[in-house]
Amino acid sequence: MKAVKPDDTVMKAVKIMNKHHIGSVIVSKNWVAHGIITERDVLKIVAKRKNPSKILCRSIMSKPLITIDSVKEVADAVKIMVKNKIKRLAVTRKGRIVGM
């Protein structure tokens, strides 16, 4: 799992996703997660012909970051994902993100 800061550019997020072959990055500051940027978020700005080098992550991130505790069952995760219409769910343990 990789992260960017809210004031980083979307281009930085894209480069991280490409380098690590991942479809999303967490947006965090001082170890606190504020949101998530997915490939779909990036495609929306590209479709509008906006320059990813001039747009900050905070402006396109999905927020709040929806999470589930690592002790929960997979069925609980599915319910949260369906209810919130999301494809990625951050998994936490003792308040820290440990996976997706």
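## Salt bridges

Lys12 is partly exposed, because its relative accessibility is 41% (buried means under 20% relative accessible area, exposed over 50%, and partly exposed in between, with a 1.4 Å probe and protein chains only). The model is predicted: local features need pLDDT of at least 70, side-chain atom pairs count only at pLDDT 80 or more, and totals for chains, interfaces and linings use all residues. Residues are numbered from 1 along each chain as its sequence is written, and side-chain values use heavy atoms, with hydrogens and water left out.

Lys12 forms a salt bridge with Asp8, with the closest N and O atoms 3.6 Å apart (a salt bridge is a side-chain nitrogen of Lys or Arg within 4 Å of a carboxyl oxygen of Asp or Glu). Asp8 is buried, at a relative accessible area of 14%. The whole structure holds three salt bridges. Another joins Asp7 to Arg58, where the closest N and O atoms are 2.7 Å apart. This pair links distant parts of the chain, 51 residues apart: Asp7 is in the loop between strand 1 and helix 1, and Arg58 is in helix 3. Both ends are partly exposed, Asp7 at 48% relative accessibility and Arg58 at 40%.

Arg88 and Glu39 also form a salt bridge, and their closest N and O atoms are 3.9 Å apart. Arg88 lies in the loop between helix 4 (74–84) and strand 5 (90–93), while Glu39 belongs to helix 2, so the pair ties together parts 49 residues apart in sequence. Arg88 is partly exposed, with a relative accessible area of 30%, and Glu39 is partly exposed at 45% relative accessibility.

Three strands form an open sheet in the order 1-2-3, with mixed pairing. Helices (H or I, at least four residues) and strands (E, at least two) are DSSP runs numbered from the N terminus, and two strands pair if DSSP finds at least two bridges between them. Strand 1 (3–4) and strand 3 (32–38) are at the edges with a single partner strand each, so one side of each has no neighbour in the sheet.

Strand 1 and strand 2 (residues 24–29) run parallel and are joined by two bridges. Ala3 has Ile26 as its bridge partner in strand 2. Helix 1 (residues 10–20) packs on the sheet and touches strand 1, strand 2 and strand 3 (contact means heavy atoms within 4.5 Å).

## Helix 2

Asp41, Val42 and Ile45 are buried in helix 2 (residues 39–47). Viewed down the helix axis, the buried residues of helix 2 fall within an arc of 100 degrees, so they line one face of the helix (the arc is that of the directions from the helix axis to the C-beta atoms). They pack against helix 1, strand 3 and helix 3 (57–60). Arg40, Leu43 and Ala47 are exposed on the other side of helix 2. Arg49 follows helix 2 and has a positive phi, near 60 degrees.

## The nonpolar core

The largest nonpolar core has 15 residues, and those with the most contacts inside it are Val4, Val10, Val25 and Ile37. Such a core is a set of buried Ala, Val, Leu, Ile, Met, Phe, Trp, Tyr and Cys residues joined through side-chain atoms within 4.5 Å. Helix 1 gives the most to this core, with five residues.

Apart from its neighbours within four places in sequence, Val4 is in contact with Ala13, Ile16, Val25, Ile26, Val27, Ser28 and Cys57.

Conventions. Axes are lines fitted to C-alpha atoms, for helices over the stretch in contact, and angles run from 0 to 180 degrees between N-to-C directions.
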